[in-house]
Structures are given as structure tokens and as C-alpha cells.
Amino acid sequence: MTVLLILMALALLILGAWRGMSVLVLAPLLALLAASLSGAPVLAGYTQVFMQAAGGFVIAFFPLFLLGAVFGRVMEASGAAQRLAQTIATALGPQNAILAVVAACAVLTYGGVSLFVVAFAAWPLARALFARTDLPARLIPASIALGAFTFTMTALPGTPSIQNAIPMATFGTTPFAAPGLGLIAAAVMLGLGIAWLQLRVRRMAGEAPPDTPETPPRDTPLPLWVALVPILSVGVVTLMMGSVILPALDTGYLADARYGATELARVKGLWSVITALAFALGLALILSRPPQMMQVVNAGAESALLPLFNTASLVGFGAVIASLPGFEVLRSSLEGLSGGNVLISAALSSGALAGITGSASGGMSIALDVLGPSLVAQAAVQGAEPALLHRVVAVATGGLDTLPHNGAVITLLGICGMTHRQAYGDIFVVAVVIPILACALIIALGMVFGSF
């Protein structure tokens, strides 16, 4: 019965999000309804579980949302996004405009930029590029999702995403685990994703492209290097901070209780991205000098709030669901569906938990915390290499996590000003269906050839 309550709450959340209901209201109501019907204390579930998780997300990621939103608005208002879109359209041709958006998002995420930040930064570029090439506005969210939420998040060897980092502690692997299988999975996601979006372009012929924002004319055209340097600096500074600058500093003070009694490894990624975004924003303001600078910055800051709190509300929902007795029953029942094969068991458990929590990293963490030791033991008995398990788990969590209640989906649609009904169908294909197919393929290849 408790499992049915969890599934009911999840189904209602997906339905409500699809119909355009605010997750700020919907997520806590459904989480507390499930808690109440499960016999858990409602008020404690709200203040001690939901709000703790939601508040923790806001505390951790407010700087990323704020800086990312302001950076995206400055790139748009200064004309930098339009200048880049013009250059890309000229270089690749209108027929490759979608590929250009996907590639831009992939470069940023593979460079270590948070996918939430990429959504803010890519929107003005995609908007200008789609308008210039008369592509349907409804395909912008799916194009950004393909570049930021799929192959660069889970499949490409060496990607700095948290989804590629979490399995390392459990399996004793590196970010380059099973590189051949990772490249195959990435090729499937990219190739089929682009093919689907191109098919949709032909079927949606005649639909209106996005409106272009009214920007005051500049005395002289913005030089290409001025538009390009701030975006390139995000990846470069993120990499330099994480691999060179921060490790060289004395950060022993982090062990002090005043600073959370933590260590550099736990904050390095966040510090790197905050610094990179602040640096890129400063460059964009200095080099491009958008008209009405103060109004642009204010508008960008305000636009960060709704996506931030929508996502935090969904994180709180996942935390309440994970605390219910039925969640443990559901997790245990997944073990019986694999037929004893460790690869299938790892994929099913991590993928299903990512779908329930609406988070690839959240579902993966829960699965590996509970099942990690048994998966390692099973793998040793069955001769499955840890690197293979690493890649299968990473790719598996990058499918069902992108259901309609996923925080990144809510954020992306909010940034693009669209509803689930308008744009989620194509996101579902490129970020759910195709990654699941890619995961099934590498499981089959791994069972036959092992890790490579």
C-alpha cells in the first residue's frame, strides 16, 4: 500500500506539472499527502524533511542560479548572443542550427559548467539562432536538453559532471571508466537526438520561430571576440580553478566548524563554477557594455528566483518520498527484476530511483549508498568489471530522471517561457527514451565484450 502511495504522488506530480500547475504549491502538497497516508508525521515531514532539503538546495545553488541568470540576460541584452548566432548560422548553414545549439551546450557542460547555468546561458543564443533560421520555437528546450542533459552528463569519458563522479567512490574507478562504451552511448544519444529533432523540424514546418527581443541599436557591430570570450572563459576558469588554483591554496581552515567542518573536495566544484561565472559576467559587462546596464542586471537577478525555488521544491518532494517506508520496499523490489544479472540490477535500481526522486544524482546516491557493496560483490562473482558498472549506472540515471517533475526540466521550460504541453514531448524523446536505448545497448555490449 505504501508503495502505491508513492507512485500515486509521483503520478499526480507529473500530471500537475504537465497541466501547468506551480510545483511551488504542488510538490509540498503531494509530498505531505503521501506522508500523511503513510502514517508519517506531517508537520515534521514538512519542516524537518521537505524544508531542510529545499533550503539546503537554495543555500548550495543560489549563487549559480543568480550569476547564470544575470550572465544570460547580459549576453542577450548586449547583442552578444545575436552576434554568436549570426556567426554560427553563417558558418554551419541554417540546416545545422540545431546541431550548433546542441554543440554549444555540450562544450559548456563538458567544460564543467552546471547544466542549470548552461540553460540560462544557452537560451539567448538559441533564441537568436532559431529566429535567424526560422526554426520552431518549441524545439529550443529539447535542443538545449540534448546538449546539456544527456551524453555530456553521463556518457562521455572524463566528463566532470557529478553523475560521473559519484560512482568513483563505490567502484574505485576514474572519470574515464569504460571509455569505449561511453563513446558509443554518447554517439547514440547525439545521433538519434539530432535525427529526431530534424524530423520534428520537417513535421512542424510553418510554425512560428521565437520572437527576438528588442535591443537598442549599437553604434558599431559587436566584434565576434567580444561575444565569444565571456562564454569561453566559463569553461576555462572552471577547469583552472578546480585543477590548479584551488588545490594550490591552503584550505585547512575548512575543517573549522565555522566553515562547516568540511574539506576542499566537497566545495571545489561549487567554488570553481561560482568564480567562473562571476569572472565571465564581469568580462561580459566590461567588454560588451549592454545598454541600460542596471536594468539588465536587475531583470536577470529577478529571473533567477522562480527557477531556483521550483527546483528546490522538487528536491524537497524527493526527500520526503525517500523518507517513507514504502520507498525502502520499492527499492528492495527492484532487486528481484534483474534476473540475477548485476548490470541489469544496477541499471534498474539506479534508473528507477532517479525517476522517483526526479534527480540523476539523487537517485544514484541512494542506490549506491544502499546497494553499492552488494553490487561490487555480485560483480566480482559474475566477472563484471567495476568500470563497466560505473558507466552503466551513470548512463542509467540519465534517462528516467528527466521526467516532467525533474528540476532541470522545470527550470529550462521556465527560462524558455514554455509549458510542458508545448515542449516536453520532444524533451522526453531526446532525454528519456534515447538515453534508455543507449543504456540497453551498452549493457548488451558489456555482457558480451566486457568493459572497453
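Q: Which residues is Ile-321 in contact with, once its neighbours within four places in sequence are left aside?
A: Ile-321 touches Ile-6, Ala-9, Ala-34, Phe-327 and Ile-356. Contact here means heavy atoms within 4.5 Å. A word on the source: this is a predicted model, where local features need pLDDT of at least 70 and side-chain atom pairs count only at pLDDT 80 or more, while totals for chains, interfaces and linings use all residues. Residues are numbered from 1 along each chain as its sequence is written, and side-chain values use heavy atoms, with hydrogens and water left out.

Q: What makes a set of residues a nonpolar core, and which residues have the most contacts inside the largest one?
A: The set must consist of buried Ala, Val, Leu, Ile, Met, Phe, Trp, Tyr and Cys residues joined through side-chain atoms within 4.5 Å. The largest such core has 139 residues, and Ile-98, Ile-321 and Ile-427 have the most contacts inside it. A second, separate core has 7 residues, including Val-237, Met-241, Val-267 and Ala-276. As a general background, nonpolar side chains in soluble globular proteins tend to be buried together.

Q: How do you know whether Cys-105 is buried or exposed?
A: Buried means under 20% relative accessible area, exposed means over 50%, and partly exposed is in between (1.4 Å probe, protein chains only). Cys-105 has a relative accessible area of 0%, so it is buried. Cys-439, at 6% relative accessibility, counts as buried too.

Q: Why is the pair of Trp-18 and Tyr-424 called edge-to-face?
A: Rings of Phe, Tyr and Trp (its six-membered ring) pair if their centres lie within 6.5 Å; planes under 30 degrees apart count as stacked, over 60 as edge-to-face and the rest as tilted. For Trp-18 and Tyr-424 the centres are 6.0 Å apart and the planes stand at 90 degrees, so the pair is edge-to-face. Trp-18 lies in helix α1 (residues 2-18) and Tyr-424 in helix α20 (residues 420-449), so the pair links distant parts of the chain, 406 residues apart. Helices are DSSP runs (H or I, at least four residues), numbered from the N terminus. Trp-18 is partly exposed at 28% relative accessibility, whereas Tyr-424 is buried at 3%.

Q: What makes the aromatic pair of Tyr-424 and Phe-428 tilted?
A: The planes of Tyr-424 and Phe-428 are 50 degrees apart, with 6.1 Å centre to centre. Both residues lie in helix α20, 4 residues apart, about one turn of the helix. Phe-428 is partly exposed, at a relative accessible area of 32%. Ring pairs join Trp-18, Tyr-424 and Phe-428 into a cluster, and the structure holds 6 aromatic pairs.

Q: What makes Glu-207 and Arg-138 a salt bridge?
A: A salt bridge is a side-chain nitrogen of Lys or Arg within 4 Å of a carboxyl oxygen of Asp or Glu. The side chains of Glu-207 and Arg-138 meet at 2.4 Å, N to O. Glu-207 sits in the loop between α10 (179-203) and α11 (224-248), and Arg-138 in the loop between α6 (115-133) and α7 (140-148), so the pair ties together parts that are 69 residues apart in sequence. Glu-207, at 29% relative accessibility, is partly exposed, and Arg-138 is partly exposed at 24%. By this rule the count comes to 3 salt bridges.

Q: How do you know that the pair of Arg-200 and Asp-426 ties together separate parts of the sequence?
A: These side chains meet in a salt bridge of 2.7 Å, N to O. Arg-200 lies in helix α10 and Asp-426 in helix α20, so the parts tied together are 226 residues apart in sequence. Arg-200 is buried, with a relative accessible area of 17%, and Asp-426 is buried with 4%.

Q: Is Arg-258 buried or exposed, and how do you know?
A: The relative accessible area of Arg-258 is 67%, so Arg-258 is exposed. Arg-258 forms a salt bridge with Asp-256, the closest N and O atoms being 3.3 Å apart. Asp-256 is partly exposed, at 31%.

Note on methods. Helix = DSSP H or I, 4+ residues; strand = E, 2+ residues; numbered from the N terminus.
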